[in-house]
Amino acid sequence: MKTSFILSVATAIRDTILNNESTLESLDRAIGDGDHYINMKRGAGAIVDMQAELESLSPDAALNKIGLKLLSTIGGASGPLLASFFMGMAKALKDSGDESVPTYAAAFAAGVDLIRQRGKADIGEKTMLDVLIPVANQFKALAAANANVKEICTALIDTAEQGMLATKDLIATKGRAAGLGERAIGHIDPGAKSCQLMITAVCQQRLHSKN
Ligand code: ADP
Ligand code: MG
């Protein structure tokens, strides 16, 4: 992975967030406080604006800087959680020092693990983790099985969508929606939706990139 790929992904993520304004806003209005779209837009915009300072950095240093930026720009619960993801991924990449697909899969999983620790949450609690944990597990399994980029990307897009849709029938036990009890049933979790959109954008970018 090159830093130029991270920069192109940042733009693709910003675009998918902007294109899904009404979806993200209405989901968080239904079971949260309505600010998730604004939070994600602010974070994604701040990263796109960092292109000049990121392009000379190694991928792990760029990811760490992205995490620090998200910590200071996104408010709410999702800011520190998404910041943890990028910092966890950066540390795993730095420690491993190689550029194999299993290394990227392990780094992604390390980022997700840090979200899990920071938010004290797990799968089945109607959060972003219902998308991120299945995607991390599948990424590691496919990388270990030597799957090619196309197989991995198409599978992860599918898994992210299933995880996002699965949040609809869950009761929330973490985050703001936890206070709603059964009233949260029937609504997709906004953080799960934004993570599904971001994962899809990254995978599509990877499918279309030449290196
Ligand atoms: P806030 O909840 O502070 O308004 P956002 O609206 O930006 O922040 O983000 C809400 C999302 O954060 C939720 O939809 C959920 O996916 C995620 N979230 C909240 N708490 C946790 C947690 N403890 N662990 C993982 N994700 C969480
Ligand atoms: Mg909110």
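Let's start in the loop between H7 and H8, which is where Lys126 has its place. Helices here are DSSP runs of H or I with at least four residues, numbered from the N terminus. Before you dig in: this is a predicted model, so local features need pLDDT of at least 70 and side-chain atom pairs count only at pLDDT 80 or more, while totals for chains, interfaces and linings use all residues. Residues are numbered from 1 along each chain as its sequence is written, chains are lettered from A and ligands numbered from 1 in the order in which they are written, and side-chain values use heavy atoms, with hydrogens and water left out.

**Exercise 1.** Work out whether Lys126 is buried or exposed, and do likewise for Lys120.

*Solution.* 
- Step one, the backbone: Lys126 has a positive phi of about 65 degrees, although it is not a glycine.
- Step two, the cover: Lys126 counts as buried because its relative accessibility is 1%. The cut-offs are under 20% relative accessible area for buried, over 50% for exposed, and partly exposed in between, using a 1.4 Å probe and protein chains only.
- Step three, on to Lys120: this residue is found in the loop between helix H7 (101-119) and H8. Its phi is positive too, near 50 degrees, and Lys120 is not a glycine.
- Step four: with a relative accessible area of 65%, Lys120 is exposed.

**Exercise 2.** Find which polar atoms of Gly119, Arg176 and Asp189 pair up with ligand 1.

*Solution.* 
- Start with Asp189: a polar side-chain atom of this residue lies 2.6 Å from an oxygen atom of ligand 1.
- Next, Arg176 puts a polar side-chain atom 2.9 Å from a ligand oxygen atom.
- For Gly119, go to the backbone: a polar backbone atom there is 2.9 Å from a nitrogen atom of ligand 1. The cut-off for a polar contact is a pair of N or O atoms within 3.5 Å.
- Now the cover: on its own, ligand 1 has 570 Å² of accessible area, and the protein covers 93% of that (Shrake-Rupley method, 1.4 Å probe).

**Exercise 3.** Describe the shell around ligand 1: which residues come nearest, and which element gives the most?

*Solution.* 
- There are 20 residues around the ligand, and Asn39, Ala77, Ser78, Arg176 and Asp189 come nearest. A residue belongs here if one of its heavy atoms lies within 4 Å.
- Sort the shell by type and you get six nonpolar, eight polar and six charged residues. In that scheme Asp, Glu, Lys and Arg are charged, Ala, Val, Leu, Ile, Met, Phe, Trp, Tyr, Cys and Pro are nonpolar, and the others, Gly among them, are polar.
- H10 gives the most to the shell, with three residues.

Definitions and conventions:
Polar contact = N/O pair within 3.5 Å; in protein donor to acceptor, adjacent residues only side chain to side chain. Helix = DSSP H or I, 4+ residues; strand = E, 2+ residues; numbered from the N terminus.
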